[in-house]
Amino acid sequence: MLHSLNARAALLSLVLLLIVLGVWHAATLSPAGTPTVAPQPLTPEQIEYAKLMGKDPSADAAAAPAKSGFPTLAQMASAATKHLSQPFYDNGPNDKGLGLQLAHSLARVALGYGLAALIAIPLGFVIGMSPLVYRALDPFIQVLKPISPLAWMPLALYTIKDSSISGVFVIFICSIWPMLINTAFGVANVRREWLNVARTLEVRPLRRAFEVVLPAAAPTILTGMRISMGIAWLVIVAAEMLVGGTGIGYFVWNEWNNLSLPNVIFAILVIGVVGMALDALFARLQKAVTYVE
Amino acid sequence: MSSEPAFLQVEALAKRFAGATEPVFDEVNFSVAQGEFVCIIGHSGCGKTTILNVLAGLDTASAGHVFMDQREVAGPSLERGVVFQGHALMPWLSVRSNIAFAVRSKWPDWNRAQVQEHVERYVAMVGLSAAIDQKPSQLSGGMKQRVGIARAFAIQPRMLLLDEPFGALDALTRGTIQDELLRICAETHQTVFMITHDVDEAILLADRILLMSNGPQARVAEIVRNTMPRARMRATLHHDPQYYRIRNHLVDFLVSRSAGLAHGRAPAQPPEVSPGLHDEPPPADPRPQPVPLRRIA
């Protein structure tokens, strides 16, 4: 059974996971002696302050140590079951299901990314086809490319005056560059002999673009699209933390303000899994257009 | 040659690359008759591929003219099919689609069935029917080159240009494909201009062999008429004493004479020679008359 490399790798992964969970469990286990040690006795001022904030220190005292510490595995499991059993509930602006928040984030990414693809791929084609345009636009691209997408946020908020659309704009601006550069590179580097074949066959420009250049450059273009999607998914979380309202990034920030670490950790895991799924989707697309020379 | 203009006429062709003091070649003059198979031999760097690209319309000469059927060649055309050195098949298309791409370029208004029927005929011609739905990466080097040949023949060009098509193949494969090319050309009476480095290949395939002097300022220094009978067989070729006379003449030229003819010392109008027949009356034209183009039915 353990002869195949895959099976052995899977087993090793499982062992590593168990080790991580074990360390987590051991680290969050309340040591036998400590619970009896009462939390730092509160000064009268602190008690006064807590009462002003609507909390009664004497009632909270029992639950306090567990609540302020890093969540245990059991708390994680209950948070996970809570979210997974009710992903789409909507109890108002600050209490929405995780699935609903994810849907908001994915919709923003899809919109910004889709717009970027609509512009970057045709523009990349033109840049790749024309050495003149390539050189003319190169300085702009080189300056705009390294700008952190979030640096655009104030400008976007000022001009667009809508936080949600600003988020979409940030996704747009961060995902356009890898697609643009890869498309231009792929188009500019189509093998000369394939173009010569098209020339000797008197293939018209439009047909040449779709039947020779596009399939020849498709693997490079898809690589750019995959990189862009990765960046877009990284950026949406940060953007939503800034603009607030909805989305998985906002959810993380909101739960941090609620000091609900189990929710934060679960949301982090969900972000990772969704990012992995998006990447796997693009890997599959990439495989579909890749050819062996 | 007859006095009427040849099918393909090359006049005073020259190519100078920017920054070079001497042109790679200049004063290149030759002609190709309809139905004729012409090979060009010369050392690397004498500009053979550039000449072929100019004939194809893929490159432009610095000076001189190329006329096909008395019309100047000014750009690529479906009338001239090219078989590229490195097969140049599109790797994302199957053999069928690669050839169909060419066929649809030539006859855009054909329907699907017509295209497929035509493609299958030409794939069968090079003996690849079994591999018709494979991708080029699944084929051997010889098979890929066959597909390249089938693609060039499929558009039924008036002239076929081959840029050292068998250079990358092993000797056995090369022999088989040479036989195939010989058979197909005999069937179709295709006009062919071919670059080769292989003296034996030239004698097997060509009616006339253009010998180029070395560059820079290379020229077509001599035209050798192949006096062997047209129905040549690779298996029996080397039993004919005439074969060695031609072969020795070609090898002598490449080994000892071509270097001395560099820098424009070769004549601009190359003499036509028939090695081994110097003492005999000039031979009758081995190809009696230009044969009208006929295609495989």
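This is a predicted model: local features need pLDDT of at least 70, side-chain atom pairs count only at pLDDT 80 or more; totals for chains, interfaces and linings use all residues.
Reader: Thanks! Why is chain B said to be as compact as a globular protein of its length?

Author: Chain B has seven helices and 11 strands. For 297 residues, the globule rule gives a radius of gyration of 19 Å. Chain B is close to that value, so it counts as being as compact as a globular protein of that length, with a radius of gyration of 19 Å.

Reader: What percentage of the residues in chain B are buried?

Author: The C-alpha trace of chain B spans about 55 × 50 × 35 Å along its principal axes. Of the contacts in chain B between residues at least 6 apart in sequence, 74% join residues at least 24 apart. Among the 297 residues of chain B, the buried share is 43%.

Reader: Which strands stand at the edges of the open four-stranded sheet in chain B?

Author: The order of this antiparallel sheet in chain B is β2-β1-β4-β5. A strand at either edge has a single partner, so one of its sides is left without a neighbour in the sheet. The edge strands of chain B are β2 (25–32) and β5 (71–72).

Reader: And which residue of β5(B) stands opposite Met68(B)?

Author: Strand β4 of chain B, residues 63–68, pairs with β5(B) in the antiparallel sense over two bridges. Helix α1 (residues 48–56) of chain B packs on the sheet, touching β1, β2 and β4 of chain B. In β5(B), the residue opposite Met68(B) is Arg71(B).

Reader: Is Glu164(B) buried or exposed?

Author: Most residues other than glycine have a negative phi. Glu164(B), however, has a positive phi of about 40 degrees. Glu164(B) lies in the loop between β7 (159–163) and α5 of chain B. Since 20 C-beta neighbours lie inside 10 Å, Glu164(B) counts as buried.

Reader: What about Lys161(A): buried or exposed?

Author: Lys161(A) has a positive phi too, near 60 degrees. Its place is the loop between α8 (153–160) and α9 (163–188) of chain A. Because Lys161(A) has 9 C-beta neighbours inside 10 Å, it counts as exposed.

Reader: Which residue does a cis peptide bond join to Gly215(B)?

Author: Most peptide bonds are trans. This one is cis, with omega about -5 degrees.

Reader: Last one: which helix gives the most to the side of chain A that touches chain B?

Author: Here 14 residues of chain A are in contact with 18 residues of chain B. The chain A side divides into seven nonpolar, two polar and five charged residues. Helices α10 (192–200) and α11 (205–243) of chain A each supply at least two residues of that side. With six residues, the one giving the most is α10(A).

Technical notes:
Residues are numbered from 1 along each chain as its sequence is written. Chains are lettered from A and ligands numbered from 1 in the order in which they are written. The radius of gyration is taken over C-alpha atoms; the globule rule is 2.2 Å times the number of residues to the power 0.38. A residue is buried if 20 or more other C-beta atoms lie within 10 Å of its own, exposed if 12 or fewer, and partly exposed in between; C-beta atoms are placed from the backbone. Two residues are in contact if their C-beta atoms, placed from the backbone, lie within 7 Å. Two strands pair if DSSP finds at least two bridges between them. Axes are lines fitted to C-alpha atoms, for helices over the stretch in contact, and angles run from 0 to 180 degrees between N-to-C directions. Ala, Val, Leu, Ile, Met, Phe, Trp, Tyr, Cys and Pro count as nonpolar, Asp, Glu, Lys and Arg as charged, and the others, Gly among them, as polar.
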